[in-house]
Amino acid sequence: MDPASVAARFGGEMKFHNSEYGLSKISYVETRDMGQLGVLGSYPIHFHVPGNSDGSFATGNSIHRSFNRAITIHGAHGIYVGNN
């Protein structure tokens with residue numbers, strides 16, 4: 001990440017929405033300097049209103065120096081989050 005983005009606390013995000021594929025799975029990913037400070041909905045790992053998500057998960061991830069939370073879930077049920 002470039003120094004200007006770090007100074008502004010403005011990083012990337014992974015947002016998982018409902019899709020025709022049905023499941024969102026993220027495991028053993030390392031993130032650094034992600035999320036955006038003060039921006040609602042901009043989190044390193046974000047499950048965004050996927051509804052029924054049985055079988056989806058976020059496991060074994062490593063989140064370093066987040067600018068806005070870490071893993072956020074809303075509008076969903078059945079997502080397993082563990083060992084992050």
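Reader: In which order do the 3 strands of the open sheet stand?

Author: The model is predicted, so residues are numbered from 1 along each chain as its sequence is written, local features need pLDDT of at least 70, and side-chain atom pairs count only at pLDDT 80 or more, while totals for chains, interfaces and linings use all residues. Side-chain values rest on heavy atoms, with hydrogens and water left out. Strands are DSSP runs (E, at least two residues), numbered from the N terminus, and two of them pair if DSSP finds at least two bridges between them. The pairing in this open sheet is parallel, and the order is E2-E5-E8.

Reader: Which strands are the edge strands of this sheet?

Author: An edge strand here pairs on one side only. The twist averages 5° from one strand to the next, where axes are lines fitted to C-alpha atoms and angles run from 0 to 180 degrees between N-to-C directions. The edge strands are strand E2 (25-27) and E8.

Reader: Over how many bridges do E5 and E8 pair?

Author: Ala 58 stands opposite Val 81 in E8. E5 and E8 pair in the parallel sense, and the number of bridges is 3.

Reader: Is Thr 59 buried or exposed?

Author: Thr 59 belongs to strand E5 (residues 57-59). Leaving aside residues up to four places away in sequence, Thr 59 touches Ile 26, Ser 27, Tyr 28, Tyr 80, Gly 82 and Asn 84, contact meaning heavy atoms within 4.5 Å. Buried means under 20% relative accessible area, exposed over 50% and partly exposed in between, with a 1.4 Å probe and protein chains only. At 15% relative accessibility, Thr 59 is therefore buried.

Reader: Why does the pair of Phe 16 and Phe 47 count as stacked?

Author: The structure holds 1 aromatic pair. Rings of Phe, Tyr and Trp (its six-membered ring) pair if their centres lie within 6.5 Å; planes under 30 degrees apart count as stacked, over 60 as edge-to-face and the rest as tilted. The centres of the rings of Phe 16 and Phe 47 are 5.3 Å apart, and the pair is stacked because the planes stand at 25°.

Reader: How many residues apart are Phe 16 and Phe 47?

Author: The pair links distant parts of the chain, with Phe 16 in strand E1 (residues 14-16) and Phe 47 in strand E4 (residues 45-52). Phe 47 is buried at 1% relative accessibility.

Reader: Which residue's backbone oxygen does the side chain of Asn 68 reach?

Author: Asn 68 is placed in the loop between strand E6 (62-64) and strand E7 (71-77), and Asn 68 is buried, with a relative accessible area of 10%. A polar contact is a pair of N or O atoms within 3.5 Å; within protein, one must be able to donate a hydrogen and the other to accept it, and residues adjacent in sequence count only if both atoms are side-chain atoms. At 3.4 Å, the side chain of Asn 68 reaches the backbone oxygen of Ser 42.

Reader: What is the phi of Val 49, which is not a glycine?

Author: Val 49 is found in strand E4. At 45% relative accessibility, Val 49 is partly exposed. The phi of Val 49 is positive, at about 50°.

Technical notes
Helix = DSSP H or I, 4+ residues; strand = E, 2+ residues; numbered from the N terminus.
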